[in-house]
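Please read them with the structure open.

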Amino acid sequence: MNAPVSPSAFDRRPLTVRLATPRGFCAGVDRAIQIVERAIEKFGAPVYVRHEIVHNRHVVERLKGMGAIFVKELDECPDDRPVVFSAHGVPKSVPATARSRELLFLDATCPLVSKVHVEAERHHAAGRHIILIGHAGHPEVVGTMGQLPPGAISLVETVADAEGFQRPSDQPLAYATQTTLSVDDTADILAALKRRFPELPDPHKEDICYATTNRQEAVKRLGEGCQLVLVVGSKNSSNSARLVDVALKAGAGDARLVDDAGDVDWSWFDGVTTVGVTAGASAPEPLIEALIDAIRARFDAVVTEDDGARETVSFKLPRALTA
């Protein structure tokens, strides 16, 4: 955390601030948070949540204040309280264990992650070995790999991994991807795989979710015209970290991931006349508004909002919370 600096210490020079559209919460994140909120409302506190519901410190702390208890594994949950599974998805063994203990559980897995799970099962049933493009240890990757028996999925993280991948048998191949990856980086990995295994389907973006794609396209436009891009999001948020990478590749002189306005080092603004602001899919809008207020307190800022995709997607809540 940087030491507070009085706004009077700044000369309030002109600054253009461009806000990306879309930014912040996606439908899957919004649904997951609502599931925890509604569960607390319906069943009372505490409600247990396996892993962070979404990767944002502020969201987690707010839900803790409402009565959510976050745990790493089910064995930390009592038998008589509800438990929510995070938006990233879980291995099949987790709901199986919950059922064996007769726990009341609510699955907040993003429906677009569930779609990847279904595709992986379909490929496996057809006798294909699956290449999963993603980041080792990320909860979504752990959940996807946990849908199938050990050895059914091989993880590939980089182009180098793709070049070194060895087909484990004479099985036909298929692929799936983590939903929060860089669209461009994933295309490069798929191109490397396709060169080696022409029978793979052509590269597509379907597994990378619409919200990730839209936010990356929006930040590309920022990167093309901004000397500095600030991405609001927590460090363990994959989609937020990718926005920083995309901004830099698009031409931004500098791009930084900040949890909130308190993370900003105002020396980053030296020589900057245009700054872009966006947020990862798990970052709430009030954090963005607070960052804009902090900028306005220090500069004669003109804030404009970029044109971009308008998202109207929404996902239904579990029946246990709406019946």
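1. The model is predicted, so to speak of local features a pLDDT of at least 70 is needed, side-chain atom pairs count only at pLDDT 80 or more, and totals for chains, interfaces and linings use all residues. Residues are numbered from 1 along each chain as its sequence is written, and side-chain values use heavy atoms, with hydrogens and water left out.

2. His129 counts as buried because its relative accessibility is 1%. The residue is in strand β6 (residues 129–133); helices (H or I, at least four residues) and strands (E, at least two) are DSSP runs, numbered from the N terminus. The side chains of His129 and Ser154 are joined by a polar contact of 2.6 Å. Such a contact is a pair of N or O atoms within 3.5 Å; within protein, one must be able to donate a hydrogen and the other to accept it, and residues adjacent in sequence count only if both atoms are side-chain atoms.

3. Which residues is His129 in contact with, leaving aside its neighbours within four places in sequence? They are Gly151, Ala152, Ile153, Ser154, Phe165, Pro168, Gln171, Pro172, Leu173 and Ala174, contact being heavy atoms within 4.5 Å.

4. Helix α1 (residues 27–43) has 17 residues and reaches 24 Å from its first C-alpha to its last, close to the expected 24 Å. The expected span is 1.5 Å times one less than the number of residues. Buried residues of α1 include Val29, Ala32, Ile33, Val36 and Ile40. An α-helix has 3.6 residues a turn, so residues three or four places apart point the same way. Gly44 follows α1 and has a positive phi, near 80°.

5. Two cis peptide bonds deserve a look. One runs from Thr21 to Pro22, with omega near 0°, and Pro22 is found in the loop between β1 (14–19) and α1. Another joins Ala45 and Pro46, with omega about 0°; Pro46 is found in the loop between α1 and β2 (47–50).

6. Positive phi also turns up in residues other than glycine. His51 has phi near 70° and lies in the loop between β2 and α2 (57–66); its relative accessibility of 27% is why His51 counts as partly exposed. Glu102 has phi near 60° and lies in the loop between α3 (93–100) and β5 (105–107). Glu102 is exposed, with a relative accessible area of 69%.

7. Helix α8 (residues 210–225) and helix α9 (residues 238–250) have axes that come within 8 Å and cross at roughly 35°. Axes are lines fitted to C-alpha atoms, for helices over the stretch in contact, and angles run from 0 to 180 degrees between N-to-C directions. The contact is made by Thr212, Arg215, Gln216, Val219, Lys220, Gly223 and Glu224 of α8 and by Asn239, Arg242, Leu243, Val246, Ala247 and Ala250 of α9.

8. Phe299 lies in the loop between α10 (285–298) and β12 (300–305). At 3% relative accessibility, Phe299 is classed as buried. The C-alpha atoms of Phe299 and Arg12 are separated by 3.8 Å, although the two residues are 287 residues apart along the chain.

Key. Buried < 20%, exposed > 50% of the residue type's maximum accessible area, 1.4 Å probe, protein only.
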